[in-house]
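The following exercises are to be worked through with the sequence and the structure at hand. Each task is followed by a solution in steps.

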Amino acid sequence: MTSLCSPSARRCFSRVVFRCDHLRNPPSSVSRVGGRWLPGPGGPAVACGAAQPRGRHTEPGSPQVDLKRLDKEDHGIVEVLMCRHEARNALGHVFLSQMRDLVSALSSDAAARVVIFRSLVPGVFCAGADLKERALMTDTESDLFVHGLRSLMTHVALLPMPTIAAMDGSALGGGLELALACDLRTAANSAQMGLIETTRGLLPGAGGSQRLPRTIGISVAKELIFTGRRVSGRAALDLGLVNRTTEQNQDGDAAYQEALSLAREILPQAPLAVRMAKEAMNRGFEVDMTSAMAIERMCYARVIPSRDRQEGMAAFIEKRQPKYTGK
């Protein structure tokens with residue numbers, strides 16, 4: 001058997017890295033955070049292998065992660081489209097690079113009020129690590145890769161606007177860690193999810209060992225991680241792992257539709273107030289109550305001089321719907 005550290009294996013890994021570096025800088029016809037623009041329902045959508053039949057491979061060099069911005073009454077909702085069809089959205093070098101660029105751009109996007117992470121691959125949200133790529137890595141390379149993955153999940157968690165993961169299919173390992181990095185989660189009842197790393201001789205290394213206990217409690221989280229157990233969307237709701245579940249529909253996008261409904265409930269609210277509420281909760285959750293109260297005060301002070309607060313007060317007095325601008 002050829003050693004993973006042998007010259008031949010290292011040359012194979014080098015070819016993988018070279019291809020990833022090439023795809024990080026696609027031709028000028030492909031945007032850094034988007035591909036070819038195509039018309040779609042609710043506004044322009046990025047070509048991302050959408051509506052491809054099951055089993056069809058994505059074109060070499062085509063985006064594995066992209067954006068869709070909704071318009072009209074849904075203006076302000078942005079969708080992150082995961083579409084690595086040939087590998088069930090496995091977390092490989094190219095996928096992570098494109099996701100990192102996209103999340104970085106969203107972090108300073110004032111027009112994005114709610115972000116939905118969804119899959120265009122039938123029956124799967126994200127299958128977790130790309131084990132074919134990982135098998136070619138040395139121990140050091142594997143550690144660096146997982147560090148990058150952990151950093152990406154942190155950046156997702158730090159996005160200033162509310163984020164929703166729509167799990168219409170399996171979310172395993174790193175796929176569930178991505179969903180846990182989001183603020184809210186919806187799932188089809190039939191969706192399967194779990195941190196299964198212990199069945200592969202690993203532990204959740206992209207934030208799952210920390211975010212799952214904070215989401216469902218440490219005792220239940222320990223049981224799920226120690227056993228590597230998978231749970232259905234319905235069971236996940238009972239555990240508090242997801243916010244909403246629904247029966248799957250014929251189009252296979254019931255969790256996405258539920259996420260869209262949830263986003264539409266958030267959309268009319270004052271954007272700055274929602275962002276500051278998120279920051280107050282996220283930062284306050286990690287400290288003692290006295291410090292948390294100080295954080296709440298600082299966040300509250302940010303909204304007092306805002307035009308949206310003035311608009312909210314005026315709309316209440318005038319008995320009309322407020323028109324918030326995020327300023």
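A polar contact is a pair of N or O atoms within 3.5 Å; within protein, one of the two must be able to donate a hydrogen and the other to accept it. The model used throughout these exercises is a predicted one.

**Exercise 1.** Locate T186, decide whether T186 is buried or exposed, and state which backbone oxygen its side chain reaches.

*Solution.* Step 1: T186 is found in strand β9. Step 2: a residue is buried if its relative accessible area is under 20%. T186 has a relative accessibility of 0%, and therefore counts as buried. Step 3: the side chain of T186 reaches the backbone oxygen of A255 at 2.8 Å. The cut-off for a polar contact is 3.5 Å.

**Exercise 2.** Describe the surroundings of strand β4 (residues 77–82) and name its partner strands.

*Solution.* Step 1: consider the two faces of the strand. I77, E79 and L81 point one way from β4, while V78, V80 and M82 point the other way. Step 2: apply the test for burial. Six of the six residues of β4 are buried, so the strand is largely enclosed by the rest of the structure. Step 3: identify the partners. Strand β3 (residues 65–69) pairs with β4 in the antiparallel sense, over five bridges; here D66 has L81 of β4 as its bridge partner. Strand β5 (residues 114–119) pairs with β4 in the parallel sense, over six bridges, and the bridge partner of I77 in β5 is V114. Step 4: follow the chain. From β4 the chain passes through helix α2 (residues 93–106) to β5, and this β-α-β crossover is right-handed.

**Exercise 3.** Give the strand order of the open sheet that holds four strands, and name its edge strands.

*Solution.* Step 1: the order is β6-β8-β10-β11, and the pairing is mixed. Step 2: β6 (124–126) and β11 (231–232) are the edge strands, since each pairs on one side only. Step 3: β6 and strand β8 (residues 170–172) pair in the parallel sense over two bridges, with V124 opposite S170.

**Exercise 4.** Characterise the largest pocket by its volume and its lining.

*Solution.* Step 1: the volume of the largest pocket is about 1100 Å³. Step 2: 39 residues line this pocket, and those closest to its centre are A157, A181, D183, K278 and N282. Step 3: α4, α5, β9, α6 and α10 each supply at least two lining residues. The largest share, eleven residues, comes from α10. Step 4: by class, the lining comprises 20 nonpolar, eight polar and eleven charged residues.

**Exercise 5.** How many cavities of 30 Å³ or more does the structure hold, and which residues line the second largest cavity?

*Solution.* Rolling a probe the size of a water molecule over the atoms shows where empty space is left. Step 2: the structure holds two cavities of 30 Å³ or more. Step 3: the largest cavity has a volume of about 60 Å³. Its lining includes A110, M161, P162 and I266, and α10 gives the largest share, three residues. The lining divides into eight nonpolar, one polar and two charged residues. Step 4: the second largest cavity holds about 40 Å³ of space. It is lined by L176, M193, G194, L195, L212, L224, R229, V231 and L241, of which seven are nonpolar, one is polar and one is charged.

Key:
Residues numbered from 1 in each chain as written. Predicted model: local features only at pLDDT ≥ 70, side-chain atom pairs only at ≥ 80, totals over all residues. Heavy atoms only, no water. Buried < 20%, exposed > 50% of the residue type's maximum accessible area, 1.4 Å probe, protein only. Pairing = 2+ DSSP bridges. Right-handed = clockwise from strand over helix to strand, strands pointing away. 1 Å grid on protein atoms, 1.4 Å probe; cavity = no way out; pocket = protein on both sides within 12 Å on 5 of 7 lines; lining within 4 Å. Points joined across faces, edges and corners; volume = space filled by probe spheres on them. Nonpolar A, V, L, I, M, F, W, Y, C, P; charged D, E, K, R; others polar.
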